[in-house]
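Here is a note for a colleague who is meeting this structure for the first time. Please read the points below with the sequence and the structure at hand.

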Amino acid sequence: MDSCVRFFLYLFFFISLSLKYRCSAGELEANLTARLFVDASVTRTIPETLFGIFFEEINHAGAGGIWGELVNNRGFEAGGPNVPSNIDPWSIIGNGSSLLVSTDRSSCFERNKVALRMEVLCDKKGTNICPAGGVGVYNPGFWGMNIEKGKTYKVVLYVRSSGSINVAVSLTSSDGLQTLATANVIASDVQNWTKEEILLEAKETNKNSRLQLTTSQKGVIWFDQVSAIPLDTYKGHGFRHELVQMLADIKPRFFRFPGGCFVEGEWLRNAFRWKETVGPWEERPGHFGDVWMYWTDDGLGHYEFLQLAEDIGAQPVWVFNNGISHNDQVDTSSILPFVQEALDGIEFARGDSSSTWGSVRAAMGHPEPFDLKYVAVGNEDCGKKNYRGNYLKFYDAIKLVYPDIKIISNCDGSSRPLDHPADYYDFHIYTSANNLFNMAHQFDRTSRNGPKAFVSEYAVTGKDAGQGSLLAALAEAAFLIGLEKNSDVVEMASYAPLFVHTNDRRWNPDAIVFNASHVYGTPSYWVQRFFADSSGATLLNATLQTNSSASLIASAIIWQNSANGEKYLKIKIVNFGSSQVNLKVSVNGLGLSSIQASGSQKTVLTSANLMDENSFNEPKKISPAQTLVDSAGKEMEVVVSPYSLTSLDLLTESSKIRITQTPSDSFSRSSI
């Protein structure tokens, strides 16, 4: 045979063989199979506190976010204590011939002396007649106020003048041409600062509105502490209803606040100091958050955070400054005033209403103590020079007065023992999707002795995350399954950051995106909903057998519906691979006929593209899709979609459930 012919015959043979194997591999990859063995005779109780939330004042999460105050810079303090100062975002209605606006230090509030001085040069008659509608100032809020027809808004302002006043207080469209609600403050004797309260019921809806104060009467008027807040807030406590409802829907077991870097500050002078945030809102000085670079009037303060935790049924976890910022720190020899400030903050939360700081809380409307059991000494400060010395001062002082309070160290104890006492150690991780998926086993080999882990900040970041991708969410779901399976050593976990105002993205991604009128959850938010029933549930031993184990991870729990008492076997599976998987599930140890044939659901989070995101236009493009499970049983087959999070909630006959608690060290943590 000619050598050229032989060559082409061999070439044809190898190409055919290659194509054959390639097709076979494709068929095999498209029909991957796996088995999941669930053993209900080997169990452990998951901590009641495992999954919670972490709030930081970042991305205007509080000011312009969950806090219902509509006025931005309500006390005119954001421009600084020196006058004249910038009144931004307040703006003037009128011109230099009709109005002069400035600031002075004439306020009646000692801790925030700046007030707005408005000299009206025009009048209703004479040579200088005011324009139609009058002159004055307006405030656009936080990138527009969402005013809704039929809702009532409470406006409070402080005013004084040497003469009589007739001021129109109005909610209008952003250009002032549409009046949504208006009322007049008419007074003849306001030589001293006078508090005025007005209720405005909106006659129309406008999602980009403003508050304006106008007059057509010549004279000088001073304004200070101008507030506008809807009467309809979450449980009547001042929080934006739909944003907090999204938190409540996660069923968080703890609420960490108020940061994060916000607690530290770039400099200590700009750190969050709780004593400046309690008492009457008009007397709070506010401060510039120099890490995230915006002013907050601290209407959302120490009291409000504790109230919010109570409102959503979560344990408060207070993070306080330990004398360390990003750029300066207090020497341990001088730290005692900061220690006393922390003790006072605990007394504010827990003290009897007759105690020094408990009485301040009681005067604010909460005579009964808050249930504060957890405090964190600083945030991400472990490697700094004075942290260990400062920490020990806080630890000893708090344990002496409040021995039951659990204290959280900033230092990571997952790979080696801490060199100081702690009830919990803080663990933060922001990384790529692949890294976080692989970190599902991060705590498999962590010592089961010593303090427990608090994974208080985790998320996929960078190019994998975009502004909230499916890819990021799936990696996070796998990581949470790993935490669930290691919940004998990991007792608390929370995603970060929680909120972002779309007009002030300081950090990407975030769980919940909002503007003045709309809100949606990113895929990472919906992942949290899959784990809402895990805290306090019973963890079962779940073992996968698969030739694609690198892309699959699963867990199984028994949880009880508090509304009707029914118990469910929940199986969660993350498929981080590009192939569909036919999963055979086998359940043992629950008793005969323990899984009912009907009443079970399958919930799936997936999308056509890994980098798909939700948006205001498509708020639920990626959200859980539920279907009924027709063939539920101890032996069943489930199709697991590529790149998906799947949850099976299998209704059980609770009377036949047999659960035997076993020591945590006998539980197979490494099985996936």
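1. A residue is called buried here when its relative accessible area is under 20%, exposed when it is over 50%, and partly exposed in between, with a 1.4 Å probe and protein chains only. Helices (H or I, at least four residues) and strands (E, at least two) are DSSP runs, numbered from the N terminus. The model is a predicted one, in which local features need pLDDT of at least 70 and side-chain atom pairs count only at pLDDT 80 or more, while totals for chains, interfaces and linings use all residues. Residues are numbered from 1 along each chain as its sequence is written, and side-chain values use heavy atoms, with hydrogens and water left out.

2. On the chain as a whole, the secondary structure comes to 11 helices and 33 strands, and the C-alpha trace spans about 110 × 70 × 60 Å along its principal axes. Of the 672 residues in the chain, 58% are buried. If contact is taken to mean heavy atoms within 4.5 Å, then residues 24 or more positions apart account for 76% of the contacts with a separation of 6 or more.

3. Which residues of helix α7 are buried? In this helix, which covers residues 356-363, they are W357, G358 and R361. These residues lie on the same side of α7 because they cover an arc of only 105° around the axis, the arc being that of the directions from the helix axis to the C-beta atoms. The buried residues of α7 pack against α5 (302-311) and α6 (336-350), whereas the face turned away from the buried side carries the exposed residues T356 and A363. Just after the helix, G365 takes a positive phi of about 115°.

4. Strand β18 (residues 374-377) has Y374 and A376 pointing one way and V375 and V377 pointing the other way, and all of them are buried. Two strands are said to pair if DSSP finds at least two bridges between them. Four bridges join β17 to β18, and these strands run parallel; across this pairing, V319 stands opposite A376 in β18. Strand β19 (residues 406-409) also runs parallel to β18, with three bridges joining them, and I407 in β19 is the bridge partner of V375.

5. Grid points are joined across faces, edges and corners, and a volume is the space filled by probe spheres set on the points. By this rule there are five cavities of 30 Å³ or more.

6. The largest cavity holds about 110 Å³ of space, and its lining includes V319, F320, F338, E341 and A342. The elements that give two or more residues to this lining are β17 (315-320) and α6. Where Ala, Val, Leu, Ile, Met, Phe, Trp, Tyr, Cys and Pro count as nonpolar, Asp, Glu, Lys and Arg as charged, and the others, Gly among them, as polar, the lining divides into eight nonpolar, one polar and two charged residues.

7. The second largest cavity holds about 80 Å³, and of the 13 residues that line it, A63, G64, F142, T296 and D297 are the closest to its centre. Both α2 (62-66) and β16 (294-296) give two or more residues to this lining, with α2 giving the most, three residues.

8. Among the pockets, the largest holds about 790 Å³; it is lined by 31 residues, of which K251, A532, D533, W559 and K570 lie nearest its centre. By class, this lining has 10 nonpolar, 11 polar and 10 charged residues.

9. How much space lies in the second largest pocket? The value is about 650 Å³, and of the 26 residues in the lining, W67, I229, H237, W281 and E304 are the closest to the centre. Helices α5 and α7 each supply at least two residues of this lining, as do β8 (152-161), β11 (194-201) and β13 (219-230). The lining of this pocket has 11 nonpolar, eight polar and seven charged residues.

Definitions and conventions. 1 Å grid on protein atoms, 1.4 Å probe; cavity = no way out; pocket = protein on both sides within 12 Å on 5 of 7 lines; lining within 4 Å.
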